[in-house]
Amino acid sequence: MNLDSMSDILSAARQEGKAFWEIVLETDMKNRGVSRMDSLHKMAEAWHAMREASQVYTGERRSVSGLVGGQGKLMRDYASEKTPIGGDFVAQVIAEALSMGESNACMRRIVAAPTAGACGVLPAVLIPLYWQDNLTEEQMLEALFTASGIGAVIAYRACISGAAGGCQAEIGSASAMAAGALVYLRKGTETQMCHAVAMALKNLLGLVCDPVAGLVEVPCVKRNVIGAVNAITAADMALAGIESCIPVDEVIDAMGEVGRRLPVEFRETALGGLAATPTGKAVKKNLHGGRKKRTLTIKDARWKLEKSESGEVVLSAPGAT
Amino acid sequence: MIDIFDIMGPIMVGPSSSHTAGAVRIGRMARTLLGDTPVKAAIHLHGSFATTGVGHGTDKALVAGLLGMPPDDLDIPLSFDIAAEKGLKFTFDEIDLRDAHPNSVRMELTGENSRRLSIQACSTGGGRILVTRLDGIHVSFTGDYHTLIIENMDNRGNLADVTTALALAGVNVANMSMNRSSKGGNAMMIIETDDPVPDYIVQLIERQPGILQVIHYRRES
């Protein structure tokens with residue numbers, strides 16, 4: 001089975017009397033030549049890594065540039081001390097998405113799903129639902145196989161990298177995967193699952209990738225929040241019986257087309273959008289200032305390169321700030 | 001065919017699969033290909049690795065890989081300190097490699113047993129890598145397969161010796177290439193296989209006339 005069309009996987013599942021996730025699992029077994037246990041075990045590693053990343057988050061770390069860090073902690077505190085507008089569950093989802101995106105920016109261990117920049121979306125909806133609905137580990141793995149199958153179809157028909165298709169391909173794909181997983185966990189039908197995927201992706205169509213200074217920090221960390229919350233809304237709509245007018249495979253194709261036609265400035269090059277705002281440029285200039293100064297040292301003997309205690313090479317110079 | 005664990009994964013230290021996880025894998029691959037514990041590394045960053053590398057931890061990731069760390073090792077951010085402890089000296093600078101992938105790096109390595117290697121590789125996305133040059137010779141392999149890297153003299157019959165040895169061991173070749181620096185100079189055979197090559201076959205190939213060095217890279221699952 002090639003994971004290249006949602007409708008093909010669905011009809012194969014119906015024909016064989018299996019669930020969508022089982023078809024994905026069996027495809028993995030065949031592709032990698034591994035046993036059912038091996039495949040389940042590898043997915044369990046991903047699930048455990050997501051949970052561990054959430055548990056070890058403290059909010060104390062800052063990213064290399066200093067732009068990101070502590071937002072997840074602020075949201076966790078707000079969720080436990082105040083009355084969040086969107087209710088407790090959504091507040092937890094927001095906090096989880098921020099924590100995970102931040103952990104990624106701060107060089108902690110995460111699961112790229114489908115990319116490192118979008119690593120917060122799936123755990124942000126899955127972890128709170130796991131606790132709220134008292135779900136089993138087995139169900140979580142099945143949901144992750146469901147999400148992986150959806151992601152594989154998107155990767156085949158469109159793309160999942162910001163450089164190829166903009167943020168819609170990263171956060172949009174993650175959101176679609178999460179929406180499908182949520183419908184599965186709430187025992188929706190597979191048709192509803194497809195509608196949820198279609199609606200989640202449709203609602204983020206056209207989102208550009210415009211990272212400030214080219215770093216996976218601004219706006220990436222907070223975009224994980226919209227990916228997660230969007231997944232909840234799409235899943236709830238689908239479970240309510242609301243359908244996507246455009247079938248899921250066609251929506252995925254449309255995302256690919258929009259991605260290909262996005263100007264290069266909006267595909268991770270940091271040349272457009274937020275990266276090209278006066279503030280975005282100033283951030284970049286500050287970050288890269290140090291690099292230029294280092295080159296100067298060679299020509300100007302008054303400039304000195306010194307090794308700090310942490311082993312990093314630091315520049316000291318007359319009047320340097 | 002898409003591996004679903006490229007979608008749900010890799011499990012990695014952030015922030016970027018191409019600039020961090022891929023960079024760790026390049027360092028790790030370089031360490032394997034050196035066949036020695038690196039003690040000196042001159043690291044030249046090209047393109048996006050040079051411009052956004054520091055913000056993405058590409059520098060720390062490459063050094064972590066040279067120290068043998070996997071892409072999900074939480075010590076990656078501390079790799080400079082660990083390198084100092086373990087006696088790995090490294091330097092970084094920028095380089096303009098013509099016609100290279102934007103996420104490329106070239107490294108000159110020296111090992112504790114004085115082995116030397118010049119390697120150029122790029123990070124192609126999602127943590128995947130491509131080695132493009134070894135000791136100045138064009139190559140192309142990803143580490144997605146078990147790989148034999150064979151340096152040999154540009155002689156008649158070397159390739160036949162190698163493939164015969166593999167056939168004897170029942171090893172199926174998935175992809176292969178051979179490039180040479182110049183006619184009569186050194187050549188590099190890259191053979192990607194579905195099954196790992198048994199050690200005795202690696203040793204057998206090493207003993208063939210005209211074969212200078214054999215390195216066997218075992219795929220990481």
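Analyst: Two residues are in contact, or touch, if their C-beta atoms, placed from the backbone, lie within 7 Å. By that rule, and leaving aside residues up to four places away in sequence, Val197(A) touches Met6(A), Ile150(A), Ala176(A), Ala179(A), Gly180(A) and Val248(A). The model is predicted: local features need pLDDT of at least 70 and side-chain atom pairs count only at pLDDT 80 or more, whereas totals for chains, interfaces and linings use all residues. Residues are numbered from 1 along each chain as its sequence is written, while chains are lettered from A and ligands numbered from 1 in the order in which they are written.

Val197(A) and Ala178(A) touch the most other members of the largest nonpolar core, which has 170 residues. Such a core is a set of buried Ala, Val, Leu, Ile, Met, Phe, Trp, Tyr and Cys residues joined through C-beta atoms within 7 Å. A residue is buried if 20 or more other C-beta atoms lie within 10 Å of its own, exposed if 12 or fewer, and partly exposed in between. The most residues in this core, 13, come from helix 9 (residues 167-185) of chain A. Helices (H or I, at least four residues) and strands (E, at least two) are DSSP runs, numbered from the N terminus.

Helix 9 is also among the elements that cover the buried residues of helix 6 of chain A, together with helix 3, helix 5, helix 7 and helix 11 (220-239). Helix 6 (residues 121-132) is mostly covered, with nine of its twelve residues buried. Among these buried residues are Val121(A), Pro123(A), Ile127(A), Pro128(A) and Leu129(A). From first C-alpha to last, helix 6 reaches 17 Å, close to the 16 Å expected; the expected span is 1.5 Å times one less than the number of residues. After helix 6 comes Asn134(A), whose phi is positive, near 50 degrees.

The contact between the chains takes 43 residues from chain A and 30 residues from chain B. Helix 3 (36-55), helix 5 (87-105) and helix 7 (137-157) of chain A are among the elements that give two or more residues to the chain A side. Helix 7 supplies the largest share of that side, eight residues.
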